[in-house]
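I opened this model to look up a few residues and then the fold around them. My notes follow in the order I looked.

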Amino acid sequence: SADQVERIARDVAREIGGPVQVIPSVASVSEKQWNRAVVLEAPGESIRQASLASRRALNRHGIAVDLSLGVYAPHLSFLYGLHPDVALFASAVEAAGLRL
């Protein structure tokens, strides 16, 4: 329900504790996966800790999420799914702030 989603969101926000600054890295393309994507990795200890905190909060609400930091690297995804190479690489270039 909407109330439950709101409670979970508040708990996640409380667990994280405040804004987290992220400086995204270079866009990359996951060419070898069936669910291909263009991603901007979000490196840094603060974002990893925020990700871990949010997963702990989700687990408290019965949403099973792996807590190991090696399983999930915080990132922003673009064009997640089955896309041709040309679309993936065009999206990577655009994500990097360039235009074709």
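**Glu41.** I started with Glu41, which sits in strand S2. The model is predicted, so I read every value as computed from it. Is Glu41 buried, exposed or in between? Its relative accessible area is 30%. Buried would need under 20% and exposed over 50%, so Glu41 counts as partly exposed. Next I looked along the chain for a partner. The C-alpha atom of Glu41 lies 4.3 Å from that of His75. These two residues are 34 apart along the chain.

**Ser54.** I moved on to Ser54, in helix H2. Its relative accessibility is 16%. The cut-off for buried is under 20%, so Ser54 counts as buried. Which residues does Ser54 touch, leaving out those up to four places away in sequence? I found Val12, Glu15 and Ile16.

**Helix H2.** I checked its length first. I listed the buried residues of H2 next: Ile47, Ala50, Ser51, Leu52, Ala53, Ser54, Arg55 and Ala57. I noted that Ser51, Ser54 and Arg55 are on that list along with Ile47 and Leu52. What covers them? Helix H1, residues 2–16, is part of the cover. Just past the end of H2, I stopped at Gly62, which has a positive phi of about 80°.

**The core.** Which residues make up the largest nonpolar core? I count six in all: Ala27, Val29, Val38, Leu40, Leu88 and Ala92. Strand S1 (27–29), strand S2 (38–41) and helix H3 (85–95) each give two or more residues to this core. As a general note, nonpolar side chains in soluble globular proteins tend to be buried together.

**The whole chain.** Last, I stepped back to the fold. The chain has three helices and three strands. From the N terminus their order is α-β-β-α-β-α. Of the 100 residues, 25% count as buried. I also looked at contacts between residues at least 6 apart in sequence; 58% of them join residues at least 24 apart. The accessible surface comes to about 6800 Å². Carbon and sulfur atoms account for 60% of that surface.

How values were computed
Residues numbered from 1 in each chain as written. Predicted model: local features only at pLDDT ≥ 70, side-chain atom pairs only at ≥ 80, totals over all residues. Heavy atoms only, no water. Helix = DSSP H or I, 4+ residues; strand = E, 2+ residues; numbered from the N terminus. Buried < 20%, exposed > 50% of the residue type's maximum accessible area, 1.4 Å probe, protein only. Contact = heavy atoms within 4.5 Å. Areas by Shrake-Rupley, 256 points an atom, 1.4 Å probe, with all protein chains shown as cover. Core = buried A, V, L, I, M, F, W, Y, C linked by side-chain atoms within 4.5 Å.
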